[in-house]
Amino acid sequence: HVVTSFAVDDFGGIYAGCDSDFGREGVKYSYNDGLSWEALNAGLHDDAYITSLAISPANYIFAATYSPNKLYKSVNPIVSISEKSREQLDIKVFPNPFNEKLFVQINNMDNRGNDIYIQFYNVSGIKITEIKIYNSITVSNQIKIDTDFIKPGMYLMKIIIGQENYSIKILKK
């Protein structure tokens, strides 16, 4: 791959725009400081020479290309974090980074009686799965999640309790 441009997001993710001289390249993404890369081309052109990359304040990726000479925008924003809202309910997610099991501990929960929804999104903002914990009045304040359904990488985990949404960035090793 010949890297022609790059950008770094607020979470430490690296985006590399590549040329197309040797076939499909497009935009590549690394969550682990360049040790591994994956294609990230939803809405971005994967068969063009990427001349520059930028990440907007709304967390969309923009890629300018040469031949065709166009500007492309990612279909979804990259994952974002709402640390402030997470602190309001005193949610702890551990360990982070994790390997196989992930625990969610919810303290001071005054929304008892509501179902809890835990959603996982990839860095492109696409929902991977949703887990529903029925009627949270009957569950303890700690939830164990087996994460076999996701491969190593950076994700956004969204926790929904009643009308409240809480998000946290997580990393599977």
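Q: At 0% relative accessibility, does Phe-120 count as buried or exposed?
A: The model is predicted, and the reading rests on a cut-off, since buried means under 20% relative accessible area. Phe-120, at 0% relative accessibility, therefore counts as buried. Phe-149 has 35% relative accessibility, so this residue counts as partly exposed.

Q: How many aromatic pairs does the structure hold, and how are the planes of Tyr-15 and Tyr-29 arranged?
A: Four aromatic pairs are present in the structure. The angle between the planes decides the class, with under 30 degrees counting as stacked, over 60 as edge-to-face and the rest as tilted. For Tyr-15 and Tyr-29 the ring centres are 4.9 Å apart and the planes stand at 40°, so this pair is tilted.

Q: Which parts of the chain does the pair of Tyr-15 and Tyr-29 tie together, and are these two residues buried or exposed?
A: Because Tyr-15 belongs to strand E2 (residues 14–18) and Tyr-29 to strand E3 (residues 27–30), the pair ties together parts that are 14 residues apart in sequence. Tyr-15 and Tyr-29 are both buried.

Q: What lies over the face of Tyr-60?
A: Lys-73 does, at 4.1 Å from the ring centre of Tyr-60.

Q: What is the order of the strands in the open sheet of four strands, and which strands stand at the edges?
A: Strands of a sheet pair through backbone hydrogen bonds, in either a parallel or an antiparallel manner. In this open sheet the order is E1-E2-E3-E4, and the pairing is antiparallel. Strand E1 (3–8) and strand E4 (38–39) stand at the edges with a single partner strand each, so one side of each is left without a neighbour in the sheet. Between the antiparallel strands E2 and E3 there are four bridges, and Ile-14 has Ser-30 in E3 as its bridge partner.

Q: Which element of the protein chain has the lowest mean pLDDT, and what is the mean for the chain?
A: The chain has a mean pLDDT of 80, with 82% of its residues at 70 or more. Among the elements, the lowest mean, 47, belongs to helix H1 (residues 83–89), and the highest, 91, to strand E10 (residues 116–121). The pLDDT is below 50 over residues 80–87, a stretch that has 17 contacts in the model beyond near neighbours in sequence.

Conventions
Residues numbered from 1 in each chain as written. Predicted model: local features only at pLDDT ≥ 70, side-chain atom pairs only at ≥ 80, totals over all residues. Heavy atoms only, no water. pLDDT = per-residue confidence, 0-100. Helix = DSSP H or I, 4+ residues; strand = E, 2+ residues; numbered from the N terminus. Contact = heavy atoms within 4.5 Å. Phe/Tyr/Trp six-rings, centres within 6.5 Å; stacked < 30°, edge-to-face > 60°. Buried < 20%, exposed > 50% of the residue type's maximum accessible area, 1.4 Å probe, protein only. Lys NZ or Arg CZ within 6 Å of the ring centre and 35° of its normal. Pairing = 2+ DSSP bridges.
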